[in-house]
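Please look over the structure shown here with attention to its charged side chains. The report concerns how such side chains pair and where the pairs sit.

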Amino acid sequence: MPQFDTVIRHGTLATASDVFAADLGVIGGRIAAIGTGLGPGAREIDATGKLVLPGGVDGHCHLDQPTSDGSQSADDFETGTRSAACGGTTTVIPFACQFKGQSLRDAVTDYHRRADGKAVIDYAFHLIVSDPTDQLLGQDLPALIHDGYTSFKIYMTYDDMKLNDRQVLELLSVARRDGAMAMIHAENADFIGWLTDKLLAAGHTAPRYHADSRPMLVEREATHRAIAMAELADVPILIVHVSGREAIEQIHWAQGRGMRIYAETCPQYMVLTEHDLHGHGMEGAKCICSPPPRDKANQAAVWDALAGGTFHIVSSDHAPFRYQDPKGKMLHGANTPFNWIPNGVPGIETRLPILFSEGVKKGRISLQRFVELSSTNPAKMYGLHPRKGSLAIGADADIVIYDPDRKVTITNAMLHHNVDYTPYEGLEVTGWPETVLSRGEVVVEGGTCVAQPGRGAFLRCDTPDLARPKVAAV
Ligand code: DUC
Ligand code: ZN
Ligand code: ZN
């Protein structure tokens, strides 16, 4: 008579704090036992020589997100979550984006419709606020926070999204009062506009000039201003997709003053550089994202901050646009100026492999820190812990059995997203997820997704402890 639904035996378990040999037993989709010599399971999985990790939590990705320029997200909730699962991620948090003039509740309803019946793994939503009316600030946003949408993103750039400082402060006040996590895209819109006009006037239209239109100081200034606004409003914030040293310095400085300033970075800032925007013709468009990839020195600064603790989470910022597609990177034709090319790179499936290989295998971060950055901390940041992000009794059995020694050369052909390229084509990595369980169900086996679309469940998030303002010293 089996004691467990599933037992994973002889693996090396890793959490954000410990690495140890143990078996793991699952009952009813939850972790029921961790120990040695566990009784029989209806299903037995041999993890000899493998790591057993909490499933990845991708706290920043864009799936089936409508755009205002006519471009089309390449991945919907089915292809995007399938790709995520194949890369070892078991929870995703994409964005329900409000268009100006639209009610936030309508944006959320629309987004549920996009996800329903499609996701293969569990998902929650962040909100994007682009039109902070009195109705939104006073009624709609607090109600949605109460309903489990406990994080929202604020853009300091992009004409259709950007908010002025007063609007940011109003939103931070709501975050403080109602316990939400405010995520900030920190780039100075006017600096970018001014630089872009100068570049275009000089005939510099190729994709590579995207990087010149958004140099590091554009990000540094906005990061500093975001921190100042958080200080004024007395509330924690998370700066998303931090790309290099000058922004990291601002965050480190604020943390050193005792402020609760959290920071996210992404694989594109660990392994790509602005040279990847060069290429022939439009090739560089494949790596256009904002902020842009920087240089080797900035990559080194990102790694130092990952190891040193300035960063709290690593997300993919998967923003998938097909390359050879009139609704993708070629939206305005093959010779379109850089400022008309949709921003974003795909990477939902390669997030864990790149962080593991470049980080753990190359000795830059520990295995525990890898788990913390890619799973435990994102779950905490967004109010999903301890249900997600941990190997703990009672937690959802979202588990990755990871082969730490498998050598893989990344090609687009092997990935499961609906994008026609990967910016990481040819990158050699060591380590790859082998088997993935979501709430105890095997969803990926031997690299193949075996899950039915629609099995993924919507997650209401708690208000995160990390969003609480600091208690004043007495
Ligand atoms: N910001 C994101 O968060 N994702 C894609 C592009 C962008 O500017
Ligand atoms: Zn952004
Ligand atoms: Zn993003």
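What follows is a short report on salt bridges.

## Basis of the report

This is a predicted model, in which local features need pLDDT of at least 70 and side-chain atom pairs count only at pLDDT 80 or more, while totals for chains, interfaces and linings use all residues. Residues are numbered from 1 along each chain as its sequence is written, chains are lettered from A and ligands numbered from 1 in the order in which they are written, and side-chain values use heavy atoms, with hydrogens and water left out.

## Salt bridges and a network

A salt bridge is taken here as a side-chain nitrogen of Lys or Arg within 4 Å of a carboxyl oxygen of Asp or Glu, and by this rule the count comes to 35. Asp122, Arg387, Lys388, Asp396, Asp398 and Arg439 are joined in a network of such bridges.

Lys388 is buried, with a relative accessible area of 1%, and Asp398 is buried at 4% (buried means under 20% relative accessible area, exposed over 50%, and partly exposed in between, with a 1.4 Å probe and protein chains only).

## A pair within one helix

Asp110 bridges to Arg114, with the closest N and O atoms 2.9 Å apart. The two are four residues apart in helix H2 (residues 104-115), and are therefore separated by about one helical turn; both Asp110 and Arg114 are buried.

## A pair between elements

Arg257 forms a salt bridge with Glu231, at 3.3 Å between the closest N and O atoms. Because Arg257 lies in the loop between helix H8 (245-256) and strand S14 (261-265) and Glu231 in helix H7 (residues 216-233), the pair ties together parts that are 26 residues apart in sequence. Arg257 is partly exposed, with a relative accessible area of 47%, and Glu231 is partly exposed at 40%.
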